[in-house]
Amino acid sequence: MEADEEGSLSSDDESWAGAHQATLEPLKSNPELSKGKAGVSSHPIEKGLSSGQTLHVDRSLQEALEMMRKAEFLMRKKDLFHLVLSYPITDSTKYYGDISLQNNCFSKMNQLIRELQALELGIVQKIVEEFGGSVSKGKHLKELDRASLFFDQRGIQLMKEVEHNLQAAKKILAKYDFDLCAYIPQVYFVRSHKRQRGEFGLTQTSTACEAPDEMMTLAINSAIRQVSAYVKAESFLKIGISGSRGEEAARAVMDIARMRQNCSVVLRISVCGHDRDKEVRQKIAEQIHVLQQIDHIFSLPLDQLLPHNFFLLVECFDGQMDLHDLRLPDHGVVVLTTPSQDVYKIMDVDVEVRMEDHLLPWDIFCENAGRSLVDSSSALQQMAIQLVKECHCHLLAVVLLARALKDVTDISVWELALQKLSSHSSAMKEGSSQVMKHVLELVWDQKDLTTKYCLQYCTSRWKQRKALDSPVSEWISSYLVETKEEAEGILKALMGSFLLEYASRRVFMRKETKVVLNEYFTSYLPSLSIRRGGFGLTKTPTVEKYTKEIEMHDNELSELPENPKWPALRKLWLQNNYNLMEVPELFFEDMPLLVCLDLSHTSIKSLPPSISRLVSLQRFYLRGCELLNELPPHIGALRKLEVFDLEGTEIMYLPREIGELISLRCFKVSLCGRANYYRETKQTGIAIPTEVLSLFPQLEELSIDVSPDGEWWDDDMSPDCEWWDANVKAIRNALSSSNKLRILKLYLPSVELFQQLRFVGKNLVFPYLSNFRFIVGHRQQRIIYRLPNGVQERYYIWEENFKKSLEYINGEGMPSGITETLKHAFVFFLDRHWTVKVLSEFGHEILDNLQCCLLVECNELQTIVDGDKRPIFQWFGGDKRPIFQWLKHLSIHYMKNLESIWQGSIPRRSLSLLKSLTLHTCPNLTTIFMPDMLVNLRCLEELIVEDCPKIRSIVTQEDANMKSGRFCPFLRKIALLDLPQLVTISSPLCLGEEVESLFVYNCPMLESLDTAEGSPEYSKIVGEKEWWDSLRWHDSEWSRMAQLAFEELKTDEDFMDQLAKDVYSPMDCY
């Protein structure tokens, strides 16, 4: 949120006013202007014609006048920017360099404006001479048009050039409006009543007459410093100094010893309005003659007369001189001084330095502290003078100090501020960060602790991502403040202190402010968080009362404090402390502000009564607490709870008090399979009281699962099965009228029960449901679940990413409820289906939307797709429609009778989006890919084939009709494991172009990786050393390159586990 990194304002959108957060008054409200002291035009049109006559002047002349006004405004704005940049500003060189390098557009603009003015003046004089003051409505219009025709012909091109330069200058300056405008006081601006909304003029006078003498002395010194810097750096060769005592500054610059050393000659002449160019040349020549005693010097032109690296001071006391035609050369420095503010009318200069403008630090202080307050007493004014001096011309420090004292009438506060700054005066060099440090110390001491932490957030963590972003919401979400009103009050106060600023719909902190706050203040605040996750802790560390977040997850805690006093605590993360078996009864007694509590994967068996004290709790996680089987009735006190996650627990019964959680949006629970026994012994009725779910008016996500515990699922007529059917019916009835439920995840032990959740069109019976996960069928507790962990993790990723999933377990046939759901599902897990022989028996059209498919232990399955049974549709031109055209991931495991992936014809675009294919333990599989199938697999990125003993080649060519070719260009990972009959990967065809990883294990007959036609480039090849050494190579160069990619597979005790992790590690395609 730094001002120098984002956004800028332009003069067209009132940035000049916006930077000061003030509304500028119209021209008529400015007393200086109404008295004729500022902004009064001396333009010939306005002098030569009456107001009535001006209405009839040609439009082109009016446009020329407007251009001159704009040019005057931009030139003044440019000079003010250079004024600000002459003071200490962080990274000022990047602004200064850009404006200086582009200065040619301003110089050219001066010349063009003078030509335009001369042309316009001639036309106006002709009008006045010919028609005098008699131009009125409807009279002499034809003559007026003829007079302006001459302007139209000569001026149109000139005006185009002027407009081009105006736009270029405006664009240059607009980039720095926000960064620099804040340092230009409001009194320097005035809104013109003749201009468009958002355009601003500049006052022609300053507050010099009101400034104390000490500030005038400071202004002279600052002007000397500015001009000296320009001369020394040769950044500007023609410099104008205007205003009273400007000649003092110029002479001081001329008298500086190093200036005389750098310049070949140092000259000083005085000129006035009656001097002509010839006389000015004569004065210059006379001075050079005195210095060099050369007689013929008077006849030389100026470019020869003046040597390189000359310094010329021209004093014009009456301000009436015109030196534009003098053509002073550019191989030296010219400084013009005049008491008037018409420098550009006297000579084309690169920059104008107004003496009164160097009252800038004083004007900034008075404006930000309150001018009326500063002037209210001589004592306050004297202290203000000393405070400005102590800031050592550091403008940002001046603004911050003044804002800190704004409207403070207690003189003792001013005295204390002056005392603190004065005590560090000797250590504070001009413009150094020490000035900012000590000024910010005063500001910092004024802020309360909450505001300081909000500032800390802004200096370290706040990243504005888009327009209109403000730190308010993040302060609240980080628990730094309680309410939006409090946060907005702090934001307003920080903006009032100038620590934060708002412009272009963005909140900023200036870079120097941020750096100094970070270095000296915010980094020393005591931490509001304890982050000790994964440290192996066995005891709870000391926690202060102001601590807001505690992270002690993934440790070895076995006990917690009896009654900790943590009144400010908002987040408490204790998950994955497996040794933690008990929460003390009074543990939650003094945590009234706790919002998030995570006790997941601990060994706790119950929750203490003090849980009812967590009246602010919004998120409560108890995932994987397998020993937790009961919730206390006190849980009903958590009326602000929004997320309650009990997945992976062994809950026997939900108490009726849970219905009091009226704010609940997400509820996830796993019920124990022995809950029926609990019901009978405790006489509690069904595990989920019917009325409970209907009492959750805000519920958006519901997940209810039952653990496959014991043998009771084996019997369809088991009383436990009847118990769960009754619970599911109660759930369905309770939720059928819900209008907010979006996500539903249910376990349904019978297909008959699932039929009642039928789809109507594209929606379930629940009208607003969009995402779902249904597990249908009796789940049995497996002694050994053979599916690799990596595959399960992938399936969870699929469920999370694709949202709509169906898991069908221990099924037979194709029930209508299953097929109807499959039309809408994106993820399908078919586990232990007893009758299906071809997956497409479910229906090609029904499977059309699938994007992920996991098939496990379907012993009758022989092939996935029979392409010859696909119907033909006219809108595909008589061709068969694509099959699995949206499928991205296909994973097949433990298929006893699977022989092939595909049988029959392969329609175009079938499997065209497939990214990953896994085949694991398919003992009768003989065919994976046919050549015709490869054409469609352009998106394939991953291929895993494991424990398929009959596979001889990944690509089977029965007729050897395809002799060569490269396929699957995006293939990145290939894993070939336990394939004892594998002879070749795909010879003579080539799979992949640049394969990142190739894993080979127990493939003893695979004797070659390359073919005569070539091979993909492998970045990494992992395999056994013995196998690698026995490979044969067709290309010696490819062999040499492959050697660099090889990594030996270490066959130690745990190598299979590590290999499985590497092979099944999720890729970014998931």
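The model is predicted; local features need pLDDT of at least 70, side-chain atom pairs count only at pLDDT 80 or more, and totals for chains, interfaces and linings use all residues. Residues are numbered from 1 along each chain as its sequence is written, and side-chain values use heavy atoms, with hydrogens and water left out.

**Overall make-up**
- The protein chain has 35 helices and 35 strands. Helices (H or I, at least four residues) and strands (E, at least two) are DSSP runs, numbered from the N terminus.
- Of its 1070 residues, 54% are buried. Buried means under 20% relative accessible area, exposed over 50%, partly exposed in between (1.4 Å probe, protein chains only).
- Among contacts between residues at least 6 apart in sequence, 67% join residues at least 24 apart. Contact means heavy atoms within 4.5 Å.

**The five-stranded open sheet**
- Its order is β4-β5-β6-β3-β7, with parallel pairing. Two strands pair if DSSP finds at least two bridges between them.
- β4 (265-271) and β7 (351-354) are the edge strands; each has a single partner, so one side of each lacks a neighbour in the sheet.
- Neighbouring strands are turned by 20 degrees against each other on average, direction ignored.
- Seven bridges join β4 to β5 (residues 310-316) in the parallel sense. Arg268 has Leu313 in β5 as its bridge partner.

**Helices across the sheet**
- α10 lies across β3 (238-242), β5, β6 (332-338) and β7, at about 160 degrees to β7. Axes are lines fitted to C-alpha atoms, for helices over the stretch in contact, and angles run from 0 to 180 degrees between N-to-C directions.
- α11 (residues 246-255) lies across β3, β4, β5 and β6, at about 165 degrees to β5.

**The α10–α18 pair**
- The axes of α10 (residues 213-233) and α18 (residues 378-390) come within 10 Å and cross at roughly 20 degrees. That makes α10 roughly parallel to α18 (angles under 35 degrees count as such).
- Glu214, Met215 and Leu218 of α10 meet Gln382, Ile385, Gln386, Val388 and Lys389 of α18 in the contact.

**Strands around β33**
- β33 (residues 994-1001) is mostly covered, with six of its eight residues buried.
- β31 (residues 973-977) runs parallel to β33 and is joined to β33 by five bridges. Ile974 stands opposite Leu998 in β33.
- β34 (residues 1017-1023) also pairs with β33 in the parallel sense, over five bridges. Phe999 has Val1022 in β34 as its bridge partner.

Key. Parallel < 35°, antiparallel > 145°, perpendicular 65-115°, else oblique.
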